[in-house]
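Visitor: I would like a close look at the charged side chains that pair up in this structure. Please take the pairs one at a time and say where each partner sits.

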Amino acid sequence: MQIETIMLTPNASRASIDGSSTGTGWWGRYAAGLSGLSSTSLAVLDADSQYILDNGIFGVGGADGDFSQWPPGRLRKGLVMGAVQSGKTASLLAVAAKALDAKADIVVVLGGTRTALWKQTFRRLATQLDGWTPGTDRLCRRRRTLLPAPHLIDLAESLESIYFETPNLVKRSLLNDRPLIAVVMKQPDHLEKFSRFMKPIAEEAALGRDRPVHIVVIDDEADDGSILDSDTEAGEPIESALRKQIPRRIARLWSDQDPGVETFNCKIFCTYIAYTATPQSNILQADHNPLSPNDFICALRVPGAQGELSPRNPTYLELTGLESQYTGGDIFYSRNGENTPFCELLEKTEKKLEESDESFFAREERVCEQQLGNALRAYFVAGAIRLFQSGRRFSDIASLKEPSLQELRAKLPAPHSMLIHPGAQVLTHFEMAELVSRWTNGDGEPAESDDFKIRADRLSLRLEEEESLWKEWLRRFRDSKAFLMDRDGGHNLPAPEDDDWPEIRELLRSEVFPSTRVAVINSDPRSDDSPVFVPFEAEDGSAQKPANIYSIFVSGNVMARGLTLEGLTTTLFLRSSRSPVADSQMQMQRWFGYRGGYLNLCRVFLYREQYDLFSGYHEADEALRREILGYMNDPALSAPRPTVLQGVDFQATGKIANLHALPLSPGAEVFLRVAETGTKSPDNELLLVRLLAKEKWLNLSVAGTERGLYMTRTLSLLEVAELLEEFRYDNHKPTANGVSHRRWRSLEYQHEIDVGKRPLFRSTSTGSSIDLVPPNACPFSIAAYLRLWDALLTRRARGISPTDQRDVPWSMIDLASYRATAPKFTIGVRYGSSGDAQHPDLKARGVQRMDRSVAKGRFISTWGSRNPGSAIDSYLGDQLFDYHVTKRSPPKRVDGEPLWRPRGDGGLLLFHVVAPPSGEPNDIVTAGLAIPLGGPDHIAALRALN
């Protein structure tokens with residue numbers, strides 16, 4: 001495989017892939033210290049962080065000190081989209097390192113809204129980027145000033161001491177091109193303290209040297225706390241509690257104004273970068289919000305079983321195998337149109353835990369057997385298999401007297417975790433932990449206090465009584481290994497044979513059961529501390545075993561962001577939501593990550609409706625990622641505004657109010673509602689005149705009454721699109737930049753539509769978009785839809801479902817079958833009762849005009865003759881005009897429902913010649929369309945203002 005070429009520009013400091021191994025510069029030292037990355041993954045990390053540097057941080061210059069091309073406010077804002085549990089922090093640190101090499105003066109990393117995440121981010125930056133050794137106070141002041149100082153982050157009693165260094169020292173460092181690096185917790189008081197410390201120093205340094213001071217602010221987990229919904233806050237006074245402070249305080253790092261549109265000094269320049277795996281709310285917030293990513297948007301790639309390095313794809317081929325590949329939704333939900341074995345659907349009880357009014361334990365027996373028991377068996381058996389394969393034993397550790405850290409690391413089994421997510425309510429977590437304890441104890445005895453112990457002796461009795469149920473998991477894990485071997489080469493995955501069961505059973509009894517603990521992780525003071533998975537040195541210098549080598553975690557929202565459960569194999573997800581939102585629930589999928597070494601042992605137990613939601617979130621997520629990567633592959637586009645998708649059953653985000661949904665499909669029966677009476681009216685008459693002259697037509701009579709004309713040849717999706725694109729209007733001038741139409745360009749990038757089939761949207765209008773009617777009444781938007789339908793008949797699109805199977809992703813349909821049933825359209829001209837058409841050629845063909853009510857340039861009444869007669873040979877109605885031609889059985893009408901034609905039926909384009917308002921010289925030509933099922937659909941989320 002060839003490594004992607006890294007383009008070097010002459011005005012920036014660079015560290016190439018080859019140079020990284022020399023350990024020179026910030027990036028070189030950081031890259032040299034990374035472990036566990038293959039050469040391919042290191043190359044991608046380099047290339048992606050370089051792209052963010054060149055097109056984001058320095059997208060309009062500045063790396064050489066020349067900021068003359070920057071916006072007037074000296075501020076650029078952008079976003080980087082990662083994937084859940086994919087290693088975004090590695091990219092974040094790489095971007096910081098490259099920015100420092102390119103002479104950024106102040107790098108501020110916003111390290112989460114929770115103390116644990118802030119400390120975790122700080123320690124990674126201090127150790128991996130700066131070279132700090134835990135347990136020492138060493139600061140490499142020759143290279144930089146680091147805030148907080150490593151020895152203060154745990155011990156400081158006040159924010160003043162955490163975010164403080166001698167001002168003159170910091171100023172001298174900046175004057176000598178040595179940077180200031182800070183990891184700031186995303187809380188108003190922390191942001192305020194650091195801002196007050198930094199701004200006067202930066203201003204003095206800027207005045208004391210020739211080149212400006214460049215501040216780079218990198219916001220980790222940027223959808224958490226950093227979203228400001230200005231529409232919701234409209235009219236609220238400054239002191240109102242409804243006005244969010246975190247985004248405003250972030251903007252105050254570079255500005256003295258609200259909403260932070262320019263830096264506080266003409267020699268201060270700033271780049272803000274939002275990092276998140278769930279950017280829906282970041283993208284959907286208003287453009288004038290202080291942290292809106294208006295200047296650049298990028299997406300990171302992950303290692304997988306397929307994908308080229310160039311052009312960019314969501315995954316790239318990682319040759320080192322499954323262990324180094326990212327496991328996300330493509331593994332857990334579907335692979336190449338096929339369901340995978342890693343999700344186990346639970347039988348639905350009468351009510352879920354959070355919805356039920358019953359006592360929690362009133363349903364204990366049913367919950368244990370249907371929801372909990374099988375998941376626990378899967379977890380325990382998987383744990384025994386991992387010991388069987390590794391050869392490591394807990395009993396070997398117990399026999400060591402005063403072991404060293406090295407001995408513990410060499411002999412301890414790898415972490416093995418289970419997560420039970422019963423819901424958001426803290427009380428439910430403790431009840432679930434007690435239920436786990438009761439199940440493992442076998443006799444239903446409640447746990448004492450909050451000590452949810454596992455009784456190994458009683459669990460061994462359960463194993464003896466239910467041995468066939470436990471042993472069954474050997475076969476199921478072998479099946480999932482076979483599934484992976486066919487696709488991913490998972491030859492080294494653990495999968496014992498049935499003959500190995502006696503040893504597995506003994507490992508369960510003697511090693512797994514006695515060594516497993518139950519831990520509750522939430523905000524309650526009674527809960528356990530943050531998990532510890534690696535040996536550590538105690539204050540007395542002794543080496544200590546971590547508490548959570550084999551653990552069953554019961555948790556809720558605290559597990560939904562930033563916290564990684566090492567060795568997570570089994571998840572029991574019982575949570576439900578009455579108003580699910582994609583960005584919040586995407587973060588709950590902690591089973592994503594790098595689990596290739598034991599992937600066949602991984603299982604997620606959940607309800608069908610939650611599985612469908614997660615699958616839908618994943619499809620929408622992949623569509624967004626593919627679109628952004630498509631823009632990155634096009635050097636002419638640096639600041640896209642991608643389309644955010646939601647679903648029929650879920651919203652994109654709950655952080656932005658008043659969003660509205662825009663379906664992709666125009667519907668079952670649509671009408672071109674622009675009533676053109678101006679200078680373009682003759683053009684539309686000529687459209688029909690040319691068509692009548694070009695094709696062969698026949699009269700349609702029903703029960704002795706002439707109803708119109710029909711064309712003897714049917715038209716394809718593309719031919720109908722071309723016909724619709726011939727309409728012309730004075731007051732309806734949509735452009736591809738219009739809010740309701742820019743999604744067509746998004747779809748081209750999402751689904752890599754062939755250049756020959758672009759653009760999808762082909763209005764002749766230019767300049768600002770003028771939309772007299774919505775997309776489902778616009779001929780150019782409907783034509784774009786038909787072009788998309790044609791293009792997707794040969795590709796497995798993400799974030800799309802067919803209209804006849806809305807719960808099935810387009811990526812899983814039988815494309816050959818859908819190609820075979822793609823509709824052909826009958827073209828007709830409907831006669832009315834208002835006399836001959838005015839145009840002589842139309843009049844000569846016998847075209848009769850219709851009456852339709854018009855207001856403000858739009859048709860108020862549309863289709864005519866909707867109700868069929870009662871007689872056998874009665875007219876079926878205008879929407880079914882063509883069924884009289886083809887003699888097909890019409891679809892049945894359902895009151896209150898659109899009249900959808902089944903997949904495989906033909907479509908209809910029916911021209912209407914309408915009498916104009918009094919005094920107008922030309923008739924109005926328009927049309928209605930009936931569209932069968934089977935086309936693509938999705939739902940885009942748009943801001944209410946648009």
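Guide: This is a predicted model. Asp479 forms a salt bridge with Arg475, and the closest N and O atoms of the two are 2.6 Å apart. Arg475 also counts as partly exposed, at 37% relative accessibility. Both residues belong to helix H18 (residues 467–488), and because they are 4 residues apart in that helix, about one helical turn separates them.

Another set of charged residues forms a network: Asp105, Asp177, Arg209 and Arg211 are joined by salt bridges that share partners. One of the pairs is Asp177 with Arg211, whose closest N and O atoms are 3.2 Å apart. Asp177 is partly exposed, with a relative accessible area of 42%.

The next pair is Arg312 and Asp48, whose side chains meet in a salt bridge at 3.4 Å, N to O. This one links distant parts of the chain, 264 residues apart: Arg312 is in the loop between strand E8 (302–304) and strand E9 (315–317), and Asp48 is in helix H3 (residues 39–57). Buried means under 20% relative accessible area. Arg312 has 8% relative accessibility and therefore counts as buried. Asp48, with a relative accessible area of 5%, is buried as well. In total, the structure holds 46 salt bridges.

The axes of helix H23 (residues 717–724) and helix H25 (residues 779–792) come within 8 Å and cross at roughly 160 degrees. Angles over 145 degrees count as roughly antiparallel, and H23 and H25 are therefore roughly antiparallel to each other. Their crossing is left-handed. On the H23 side the contact is made by Leu717, Leu718, Val720, Ala721, Glu722 and Leu724. On the H25 side it is made by Pro779, Phe780, Ile782, Ala783, Leu786, Arg787, Trp789 and Asp790. By class, this contact has 11 nonpolar, no polar and 3 charged residues.

Terms used:
Residues are numbered from 1 along each chain as its sequence is written. This is a predicted model: local features need pLDDT of at least 70, side-chain atom pairs count only at pLDDT 80 or more; totals for chains, interfaces and linings use all residues. Side-chain values use heavy atoms; hydrogens and water are left out. Axes are lines fitted to C-alpha atoms, for helices over the stretch in contact, and angles run from 0 to 180 degrees between N-to-C directions. Helices (H or I, at least four residues) and strands (E, at least two) are DSSP runs, numbered from the N terminus. Angles under 35 degrees count as roughly parallel, over 145 as roughly antiparallel, 65 to 115 as roughly perpendicular and the rest as oblique. A crossing is left-handed if the near helix is turned anticlockwise from the far one by less than a right angle, and right-handed if clockwise. Contact means heavy atoms within 4.5 Å. Ala, Val, Leu, Ile, Met, Phe, Trp, Tyr, Cys and Pro count as nonpolar, Asp, Glu, Lys and Arg as charged, and the others, Gly among them, as polar. A salt bridge is a side-chain nitrogen of Lys or Arg within 4 Å of a carboxyl oxygen of Asp or Glu. Buried means under 20% relative accessible area, exposed over 50%, partly exposed in between (1.4 Å probe, protein chains only).
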